[in-house]
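This report describes the secondary-structure packing of one protein model, beginning with a single residue and moving on to the sheet and the helices.

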Amino acid sequence: MKLDAIDLRILDAVQRDGRITKLALAEKAGLSPTPCWMRLRKLEKAGVITGYHARIAPRRIAPVASVMMEVTLANHRQADFERFERAVAATPEIVACWSVGGGVDYILKIMAADIDAYQRLVDGLLDRELGIDRYFTYIVTKTVKEETVLPVSSFAASGEDQSAS
């Protein structure tokens with residue numbers, strides 16, 4: 001989908017404030033409310049906007065351990081990847097998972113009540129025989145940056161640069 005400057009302003013505004021009013025969004029986008037709202041709906045229907053969420057501060061609720069985990073599978077058949085990915089999708093404590101190139105197959109972000117709860121989760125994954133060959137654990141000691149607002153203008157600019165080449 002080709003996005004113009006108005007679309008990018010709309011995306012920037014709604015990711016900063018998912019509860020923005022129609023009028024305020026139109027002002028930020030530089031449009032009147034009806035055309036702005038129609039563009040927003042078009043972005044949603046195209047799957048560019050996939051949802052609206054509240055950002056939660058987990059440590060305000062209870063103590064929590066954030067853990068990054070590298071996983072390498074023993075075998076690399078499509079069925080092995082699918083089995084592992086189904087287990088990840090069904091495990092709420094695994095809040096993010098990336099399939100990566102390089103020396104490991106996956107990087108996971110896990111939120112658990114504490115390190116003991118994390119280890120019980122890992123033991124459960126290993127007991128399920130998901131094909132995990134090796135895993136490495138990294139305890140997050142301090143969050144330096146965790147941004148939820150994506151630099152959409154930068155993406156669009158780099159896409160234009162490539163299409164001009």
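Thr137 lies in strand E4, where strands (E, at least two residues) and helices (H or I, at least four residues) are DSSP runs numbered from the N terminus. The model is predicted, and local features need pLDDT of at least 70, side-chain atom pairs count only at pLDDT 80 or more, and totals for chains, interfaces and linings use all residues. Residues are numbered from 1 along each chain as its sequence is written, and side-chain values use heavy atoms, with hydrogens and water left out.

With a relative accessible area of 32%, Thr137 is partly exposed; buried means under 20% relative accessible area, exposed over 50%, and partly exposed in between, for a 1.4 Å probe and protein chains only. Leaving aside residues up to four places away in sequence, Thr137 touches Val67, Met68 and Tyr118, contact meaning heavy atoms within 4.5 Å.

Strand E4 belongs to an open sheet of four strands, ordered E2-E3-E1-E4 with antiparallel pairing. The edges are strand E2 (94-99) and strand E4 (132-139), each of which pairs on one side only. From one strand to the next, the twist averages 20 degrees. Two strands are taken to pair if DSSP finds at least two bridges between them. Strands of a sheet pair through backbone hydrogen bonds, either parallel or antiparallel.

E2 is joined to strand E3 (residues 106-112) by five bridges, and these two strands run antiparallel. Within this pairing, Ile94 stands opposite Ile110 in E3. The hairpin of E2 and E3 has six residues between the strands, and there Gly102 takes a positive phi near 115 degrees. E1 and E3 also pair in the antiparallel sense, over seven bridges, and Met111 in E3 is the bridge partner of Ser66. Because six of its seven residues are buried, E3 is largely enclosed by the rest of the structure.

Helix H4 (residues 78-89) touches strand E1 (65-73), E2, E3 and E4, and its direction makes about 20 degrees with that of E3. Helix H5 (residues 115-127) likewise touches E1, E2, E3 and E4, with a direction at about 170 degrees to that of E4. Axes are lines fitted to C-alpha atoms, for helices over the stretch in contact, and angles run from 0 to 180 degrees between N-to-C directions.

| Helix pair | Axis angle | Axis separation |
|---|---|---|
| H1 (residues 5-16) and H2 (residues 22-29) | about 135 degrees | 8 Å |
| H1 and H3 (residues 33-45) | roughly 80 degrees | within 10 Å |

The angle of about 135 degrees makes H1 oblique to H2, whereas the angle of roughly 80 degrees makes H1 roughly perpendicular to H3. Angles under 35 degrees count as roughly parallel, over 145 as roughly antiparallel, 65 to 115 as roughly perpendicular and the rest as oblique.

On the H2 side, Ile6, Arg9, Ile10, Ala13 and Val14 in H1 meet Leu25, Lys28 and Ala29 in H2. This contact of H1 with H2 comprises six nonpolar, no polar and two charged residues. Ala, Val, Leu, Ile, Met, Phe, Trp, Tyr, Cys and Pro count as nonpolar, Asp, Glu, Lys and Arg as charged, and the others, Gly among them, as polar.

On the H3 side, Ile6, Asp7, Ile10, Leu11 and Val14 in H1 meet Cys36, Arg39, Leu40 and Leu43 in H3. The contact of H1 with H3 divides into seven nonpolar, no polar and two charged residues.
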